[in-house]
Amino acid sequence: MPSVFEDDLAISCQNVSITYRTTFEKIPTFKSAIVRLGRGERIVRLVPAVKDLSFDLYHGNVLGIIGANGAGKSTLLRALAGILPPTEGRILVNGKVSTLLSLGVGFDRRLTGRQNITLGGLASGLSRPEIKERAEKIIDFAELPEGFIDMPMRTYSAGMGGRLAFSVAVHLEPDILLIDEALSAGDAKFKEKAAAKMAELCGQARTIVLVSHGLGAILEMCNDAIWMDKGKLMMRGDPDDVADAYTDFLGVSRTARSTMEDV
Amino acid sequence: MTAPSSAAPVPPQERRAETEFSSGVHVYEPHRAGLPKLKPYFRELWARRHFAITLAHTDMRAAHTATFFGQMWLIINPLLLALVYLLLVDVISGRPQGLWYFSHLLSGLFIFYFISGGMIQGSNIVVQEGGLIMNQAFPRLLLPLTSVYVAVRRFLPTLSILIVFHFLSGTPTTIDLFWLIPIFVEIVFFTAGLASFFAAVQVYFRDMSQFLPYFTRIWLYVSPVIFTVAQIKHKAKLAQLEWLNPLMPLLGNWTQVFAGEPVCRTGVAPSCKTIDHIQTVGVSYHYLAAGFAWAAVVFTIGALYYISRERDFAVRL
C-alpha cells in the first residue's frame, strides 16, 4: 500500500465512515431469512456510527475522545484497533496496538488471573518467554489482594479485573494504546498510578487514545481532545476548551440523547 | 511503581506491516468481503498457534471439571456410544454381531464423531467467542482451527480402545496400518474446512447449529460406519453415493485399512454367518486420491469463505 507517511504520525483517519448493517431481528435465523426471501423483502437497517471523520494524531500524545452515549466513540476505537473495518475512508495506524476495550481483554473468567495474562499475551502475538518475562511486572502493577492472581477471574471484583486488564495492556509495550472506559472501575489510588504509567508511555513517544463519557479522566490525562456527537467530529483541540464546549452543548439538549445505547 | 520499560520504540521506518495483526504501519480500508494477503495472514496465524492451543485446553478443562469421572469421559463417552450402536445393529439385524463387526463399527464411529464433533463445535465457536472477537485483532481462522484441535485431542485417547479391539477381533496387524496416518491427515483438513465454513455461516444464520445434528445423523447412515464399504457398494440405493459422499473414500479407507474384512466359512462376505478368518484390505489408492481431493477442495473453500467473511463478524455478533 503506497502511502506518504510521516514517521511520527501515529494515527491518521481520512474521511472515515463506519456503518453497521443490522437486521430488525436481534438474532438472525434461517426462518426469518426464508420468510423475508418469500416476501422478497430485504430488511437491512443502516446504523451510521461514525460519519466522515478525519483527524491526525502524532506519537507522544494522549488523545481523549468525549461524547454522549451513541456518539460512536467505541466504534471508532474498534476501527483503530483493526477489529471493525471502515465502511468508507481510510485509517492508517503506525505501530503495535494494544487495546483495553470495554469488555475486558477478551479474558476468560474461568481461568486464573495468571493464565489470563498468558492468554492475553499470546493473543496479541507475544511468545511464551516474552510473557513470562513480563508476568511479574504485570502482577506487581495490578496490586491484586494476596492470592487472587491464582484464583479464577470470576471471583474478581470489577475493579480487580479492570486493574489486571489495564496492567496487561500497558505491559504489552504497545506503540499505541487504545483505552475504552477501562479506568472507571479502578479506585482513586489506582487511577493515579494508571495516569502516571500512561504519562511514562507518552514520554517514550508512545500514543494513547482514551475514550470516556466522563470529563474528569480526559481533563486529567489528555493533552488533546476530540468531541464526537452522533458520529460526527464536533471539535478538536485543547481538552479544557473541548470540555467547555461539550458541557455547554449538553446543557442545551441533555434529554434528547440520553436514551441511546452506547455503540 | 514499576521501572520504566527498557525497550525503546522501534523507529517506524523499520517496520512495515503486511497485515493488521503485526506491528508497523497498518492500513484499514473498506473491504467487507475481500480476502487479505494470504501469506502474511497464515504467517500471523502460525505465530499465534500457542494462543489457539491454550484456548483449546481451557475449553477441554472446563468441559469436564464438574463431573465425577472428569477426563475419563473422553473414553467413556465413545464406548457408550459404540455400545448403543452395537445394540441397535443387533436388534435390527436380528442376530448378534461378532467382535470383528464391533471393531469395524468402533473405528468408523470414532472417526465419524471426530468429524462431526469438530464441525459442530467449530460452527458455534465464532458466536461463542464473540467477546474475544470484539476485543482483539487476530486472524480469526484460529477459532475454527482451535475446535478441530480440540476434536483431535478428544479423538486420540479413543485410539487406545480401537487398538484393543483391533487385536481382539483377530485382524492381522501389518505395515499397511501406517496408511492410517495420511488418511487421518486428509480427514483433519476435511474437518477443518467444514468447521470454518459452518462457523462463518452460523454468524449469519444462527439456526445452523440446530440443523447440523440432524444433518450429521443422516450423513452417518450413508457413510461406511454401520455398513461396510462392500455392503454399501452392493446396495443399489447407496451405491451412487460412492463418489458423492466425501466420507466414502475418507472413512471407507480408514475402516478397511483398520479392520480388514472377514472371509466367510458360511454365508457371503462381509455379512458372514460364520467367519473363517479376517484378511487385510490394503489401502485403496483411488480412495486415497479421492479423499485428498475432497480434503483439499473442502478446506480451501471453507477457509477462504471464512477469511473473506471474518471482517464482518465484529459487526454481526
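Predicted model: local features only at pLDDT ≥ 70, side-chain atom pairs only at ≥ 80, totals over all residues.
Let's start with chain A. It has nine helices and nine strands, and 47% of its 263 residues count as buried. If you take the contacts in chain A with a separation of 6 or more, 74% of them link residues 24 or more positions apart.

Now for chain B. Here you'll find twelve helices and three strands. Of the 317 residues in chain B, 44% count as buried. Residues 24 or more positions apart make up 75% of the chain B contacts with a separation of 6 or more.

## The nonpolar core

In soluble globular proteins, nonpolar side chains tend to be buried together. In this model, the largest nonpolar core has 155 residues. Those with the most contacts inside it are Leu63(A), Leu80(A), Leu178(A), Leu210(A) and Phe198(B). Helix α4 of chain B, residues 99–128, gives this core its largest share, with 15 residues.

Let's pick out Leu80(A). Leaving out residues up to four places away in sequence, Leu80(A) touches Ile11(A), Ile91(A), Val93(A), Leu178(A) and Val209(A).

## A look at Phe112(B)

Phe112(B) sits in helix α4 of chain B. Is Phe112(B) buried or exposed? Phe112(B) counts as buried because it has 23 C-beta neighbours inside 10 Å, and the cut-off for buried is 20 or more.

What does Phe112(B) contact, leaving aside neighbours within four places in sequence? Its partners are Leu220(B), Ser223(B), Val225(B) and Leu251(B). As for Leu250(B), it is 138 residues from Phe112(B) along the chain, yet their C-alpha atoms are separated by 10.0 Å.

Conventions: Residues numbered from 1 in each chain as written. Chains lettered and ligands numbered in written order. Helix = DSSP H or I, 4+ residues; strand = E, 2+ residues; numbered from the N terminus. Buried ≥ 20, exposed ≤ 12 C-beta atoms within 10 Å, placed from the backbone. Contact = placed C-beta atoms within 7 Å. Core = buried A, V, L, I, M, F, W, Y, C linked by C-beta atoms within 7 Å.
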